[in-house]
Amino acid sequence: MSTILGIPPQALFGQLLLGLINGSFYALLSLGLAVIFGMLNVVNMAHGALYMVGAFVAWLLLTYLGINYWIALILSPIVVGAIGLVLERTMLRRLYKVDHLYGLLLTFGLALIFEGAFRHFYGVSGQPYPIPEMLRGGQNLGFMFLPNYRGWVVVASLVVCFGTWYAIERTRLGAYLRAATENPTLVQAFGINVPVMVSMTYAFGVALAGFAGVLAAPIYQVSPLMGSNLIIVVFAVVVIGGMGSILGAIVTGLSLGLLEGLTKVFYPEASNIVVFVIMAVVLMIKPAGLFGRER
């Protein structure tokens, strides 16, 4: 049986696929964090909890109302975005002009409240969520077996990530958003309602977390702890890519997922720390991150 660097091809490509899937979630979640930090200067520690809320909303819609995955994929991000809108209007906007630490502490407290509430009602054991009928089964690629649902997760994540990057970096709306972060008074003079724009930006950022939660529900069990288990790695991805860098969040998220998968093949003992080792090295060489700019 042929091998690649001593590893059977099926094992190597299987781990790379798992790494790509994890990288897709890293990219989606770090993208939302980068949008919120880049536009609002808020370190949103509640992001992982809102990712969990997105998954739970999909599970609740299916369990109690019989609403299927495809509709939940639209409704859950809207619900999470609405929650974010309320949080921004009632709490976060009061902290924009003070130190980042206050926003970090507030959102960390919100994350604990969300997680505690779901643990109280549903416990810590995970709730299963079925793969939609259309995406069951898989494809035999010759060198590996590709489950349809996992292939869908990668494609959907790439489309959403690069669509968001294009909207922010290449459209007039994105130009207004970026200008509003630099000089909100000037942008307002052109008749643009900057406070509403800021609120909608935060809602969109957390809606991305809700979208990732629905994608994750059939792969991982829906659990109150699913956000807290992931958020530290996602923050490391954002730091490596550069705080507030949209492209940095996407490229770094996908790359680190693949690197994590390769580490599991060649040196499994280091797979849980490789992201943090890279973060430490990048911070020493380029403190602003690979795609970040010195402020």
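Is Leu262 buried, exposed or partly exposed?

1. A word on the model first. It is predicted, so local features need pLDDT of at least 70 and side-chain atom pairs count only at pLDDT 80 or more, while totals for chains, interfaces and linings use all residues. Residues are numbered from 1 along each chain as its sequence is written, and side-chain values use heavy atoms, leaving out hydrogens and water.

2. Leu262 lies in helix 10; helices here are DSSP runs of H or I with at least four residues, numbered from the N terminus. With 31% relative accessibility, Leu262 is partly exposed, a label that sits between buried (under 20% relative accessible area) and exposed (over 50%), using a 1.4 Å probe and protein chains only.

3. Now look at helix 11, residues 274-285. Its 12 residues reach 17 Å from first C-alpha to last, close to the 16 Å expected at 1.5 Å a residue; the expected span is 1.5 Å times one less than the number of residues.

4. In helix 11, Val274, Val275 and Val282 are buried. They cover an arc of only 95 degrees around the axis, which puts them on the same side of helix 11; the arc is taken from the directions from the helix axis to the C-beta atoms.

5. Finally, find Gly174 in helix 6 (residues 172-182). Gly174 is buried, at a relative accessible area of 0%. Leaving aside residues up to four places away in sequence, Gly174 touches Ala167 and Ile168, where contact means heavy atoms within 4.5 Å.

Technical notes. Helix = DSSP H or I, 4+ residues; strand = E, 2+ residues; numbered from the N terminus.
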